[in-house]
Structures are given as structure tokens and as C-alpha cells.
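Here is a short note for your review. The points below follow the model as shown.

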Amino acid sequence: MTEAGRKIIKKAIMKVAVIGAGASGLTAIKCCIDEGVEPVCFERSNDIGGLWRYTEKVTEGQSCVMKSTIINTSKEMMCYSDFPIPADYPIFMHNTYVQKYFNLYADKFNLRKYIQFGKEILSINKQPDFKQNGQWNIKVKDNKTGDVEETVFDAVMVCTGHHAEKHVPEFPGLSDFKGKVIHSHDYRNPAGFEGKRVVIIGIGNSGGDMSTELSRVASQVFLSTRRGSWVLNRIGDNGMPLDMASSDRFKLAIKNALPPSVITSIVEGRLNARFDHSLYSLKPKHHVFSQHPMVNDEMPNRLASGTLRIKPDIKTFTENGVIFDDGTKEENIDVVFLATGYKFGFPFLDKSVLDVKENRVELYKYVFPPKMEKKNTLSVIGCIQPLGAIMPISELQCRLSLRVFQKEVKLPCSDEMILDIRSKELAMKERYVQTQRHTIQVDYIDYMDELATLNGCLPDLQSLFWSDPKLAFTCFFGPCTPYQYRLQGPGKWSGARQAIMTQWDRTFESLKTRPLGFTEKPSQKKFFIFYFVFVVLFCYLVHVIFLR
């Protein structure tokens, strides 16, 4: 039998368990199909979508977006790399559109037939002969019948995310407070809170979204924060999606070339030009890149209207109010919302395989447990907090995982993996404010390139410059959309070039809802500015390619 024939048989018989059918689980199934292995997905709910599938019902341990949630990343930056989001979908999608996209993806690639709904994972354990074959025994409960069955799998992809168990800090006097106390996990919409006096604790994206939404119906909302926050908006200059305008390889090269203090000063200056964070009592002591940013378009408007007020940390609660660190008091508080985040974990996995302590977990490249006796047959997908979209990152993690499972990519030894983990921990500690929130942070392009290098699909822009200079320039100076990681190497997609060259067309298609009756011509000034910038950028690219 030929080597190719043996490879086909090996792929056909490999059986992979996928835990969860959310944003990460769906692409895990699809990547399994692409690699010719057999996926079996276990999803404890009755539908796909995970966090993005809105339900009125609150289920413990299962997070859900608010009814009004709009995703913070633009559609071209968040799509799977070989399945562009339809052009007529909004630039920043409401959760219903995100769910529609997942359904389109599942239907296009016929993913549902691999999913067993209503199945809960009880345990995942190594087989007794794990050292020889790397197999796993998975115990699964049927939530309808209560039946439990065990199955052996060749590999496992854990796609359960990191928004599950509520993180509920202890606050002095909270047990004496007679009003309602609700975690953001359980919040769905502002109905029932009309005319209430509300305190929200926590200034992450959930706290920001809840505070601006509730401030439209409540009599008063107080947003309590220990440190403050820098606030980004979705739309940048000239109506450009901020993530597309800022996430490109050229700006990354400039950022890496300049001192961090210079970049920080520029970015903070731009944010303060939108609204002065000090004036609005939001400015933190730390710099903009030292905390996961809040993305909120309404915050300054709601603060200016007075229905939302920023307050310092909580000192103590009283029976009907709260005293803040600065000594100020607010009485007659009806509801306290805890937007204090989540604790993630993997209760079905033995701690010898994966142990989580205070949201810290040891994973090589945030994917692979480092101590697997040279049998790397388990990966954790989507357990990251990116400065960017999670969907394409999860997808690339899955593509890499399948090639590792099939021994087409060899991971370094355990000691080297642990060294890499420690290096990332140190870098994160030096950069970020020390909180339970900042343990799995990654920068989008840097991390995607890191995974792509391992997987062999990092776009080679230098060679591309000679074969397809227009595409190379677009990849370097344009937004680093997920399609770039389908141009070359394993998993190459024939439609990647076309997707990249038309990404701006799809971005703005949904805005073309009224004929203007004229065509706006670019001014000479704009032309000369563009020409000057083009020359500068061209010289820089030549320097990068030929002189380094």
C-alpha cells in the first residue's frame, strides 16, 4: 500500500470528539471534515450558537447574550476564513444576524448531522493504554432520558468557551442589602427595571452595555469601577469600521518599530479627541494597552445626559443603598447588577490533564496541555480573550489541532512548551493590570501569525509581492482579514484572493439603501495625499523586503 493510501485510511478511521456546538465547536466540526476525520459533537442544549443563541430562559452555567447585543467586531474581521458573511448583512451584526450566519455555515457544510443535541459531558479520561494510542474515554449523559454511555475517541477538542460559571466577588454588607442582586449572566433586557435606581459593578463590555441600555429606562444608573476604563467605539474616521482600519500589518510594523510610549500617547490622544476621559470620570491610571478595552458607542452620550453616572469602587452596602470608596452614598437602590465576569474551567477533565486556578491555565499556544506523554490528542479551542474576533482564531486553532492529532505537525517537547507558557505569562504580567480577567489575552494578528507559522499557512508576502503584487499590497496595507490564512499552505482556499480583493465592497454593501443621484469624485487634495502616502509606504515595503 502506498503512503498516500495509508494516510487516507488513517484519516478515515480517526474519531474526534467535539465538546460544544458554539462558535468554536462549529468550526471544529468543519475542520474535522476538511481533514477527513470523523467528528462527533456533543451539545448539551437543543441548538447551535452557544453564547450567541439568545434565549429568554436563564440556564446556570450556560451564558447568553443580551437581547440587544451587537457584536464588537466587524463582519469581515469575524467571519470564518473560507465563508464570507453575506454582503447584505450589517457591518456590525446584531446577535440575530450572528446566529443566522452560524446557521448558514452549518447548512453550507452539513454540520448538524455530526451534532448530538441534549448531551452533557460527565467526564473525559485517558484510556488505560493512553501512552500507546493517546485515546480518551468520554462519559456522556442524555439530558432527556438520563441514560449514560461511554465512548472511546482518538482525540478530543474542547470548545466550551470561557463564559460559564459566574464570578461573584464578596462585597461588605451585600448580604444585608434588601434589593435585588443579579449577575450579568442572568440579564436579558431592560423590561421590569423602568424607573428603578440601579447600581452596576464592573466596567467590562457587559457592564458598559447594561449601563447604557438601562440608563434609557431607569430613573438613575450608577456604574461602579475600581480603575476606570478607556472606551473605544466601533466606527472610526470617515465611518470606517475601527477594527478594519487599525488591524493591518503595516500599522503593526510601525507599532513594533516605535517606542511603546509613543504609540500609547497617539492612541490615547485619539480616544480623548472623541471625548475627554478625565472630564467624564472614566480615565484610568493605567494606559490604554494595559487593559482589555471597553467597546461602547453610547457611553459618553449617556453620561452627558446624566442618566448614567460613573462612581468609584464599593466600600460597603447598606440595607437599601451603597457607600462608595470616596465616601459618597446613594440610598434607595432597587437593583444591583454584578458585571464581574466569569470563572472558566473544565470540570469534566481530570486536574492532572488540565487544572484551572483563578482563571489561569497552562496551555501551549493557549491550545495544547503541555504534559501529555507525547500523545497530543487533546486541544482546547476558544479559551482566549482576543483584541479582535474570536471566530477566526478558534478556526485556526482547530486547523492546527487536526494536523497535530494526525502527526502532520509536531509540537516541541514538554519542557519547551512550558517555557513558552511561562514567557507568555511574564509578558502578560508586565503589560496588563493584574486581575482575574487578564489571563488569556492575545493580540489578533500576532497570535494568528503564531498559529499559522506552526500550521504552515502563514502568508508569505515577500514571495507574493513578485507573483501577485496587488494582492501583496492589499494584504500588507489593508485589514488582516481571516482570508489571508487561506492563501497558502495546508487548507488553501481557491476563493481567498477574491474574498480579500472584495472585502471592502462587502463591508459597505449594507449601507447602500438610498440612491444618491450623483457620483462623488475624490478631490485633488485627497489624490495628492494618497499619492504621498503610497510613495512612503512603498519605500518602507522595499526596505522591509530587500534591506533586512
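**Notes on the predicted model**

1. Trp230 is buried, at 2% relative accessible area (buried means under 20%, exposed over 50%, partly exposed in between; 1.4 Å probe, protein chains only). Trp230 sits in the loop between strand 11 and strand 12. Beyond neighbours within four places in sequence, its contacts (heavy atoms within 4.5 Å) include Glu268, Leu271, His277, Pro284 and Met294. Asp325 is 95 residues from Trp230 in sequence and 21 Å away in space, C-alpha to C-alpha.

2. On provenance: this is a predicted model, where local features need pLDDT of at least 70, side-chain atom pairs count only at pLDDT 80 or more, and totals for chains, interfaces and linings use all residues. Residues are numbered from 1 along each chain as its sequence is written, and side-chain values use heavy atoms, with hydrogens and water left out.

3. Helix 9 spans 22 Å from first C-alpha to last, close to the expected 21 Å (1.5 Å times one less than its number of residues). Its buried residues are Ile263, Thr264, Glu268 and Leu271. They cover an arc of only 120° around the axis, which puts them on the same side of helix 9 (the arc is that of directions from the helix axis to the C-beta atoms). These residues pack against strand 12 (231–232) and helix 8.

4. Ser224 lies in strand 11, residues 220–224. Ser224 is buried too, with 2% relative accessible area. Leaving aside neighbours within four places in sequence, Ser224 touches Ile200, Gly202, Pro312 and Phe324, among others.

5. How many salt bridges does the structure hold? There are 26 (a side-chain nitrogen of Lys or Arg within 4 Å of a carboxyl oxygen of Asp or Glu). Lys178 and Glu319 form one of them, at 3.4 Å, N to O. Lys178 lies in the loop between strand 8 and strand 9 and Glu319 in the loop between strand 15 and strand 16, so the pair ties together parts 141 residues apart in sequence. Lys178 is exposed at 65%, whereas Glu319 is partly exposed at 47%.

6. Arg234 and Asp297 also meet in a salt bridge, 2.6 Å from N to O. The pair ties together parts 63 residues apart in sequence. Arg234 is buried at 12%; Asp297 is partly exposed at 29%.

Conventions. Helix = DSSP H or I, 4+ residues; strand = E, 2+ residues; numbered from the N terminus.
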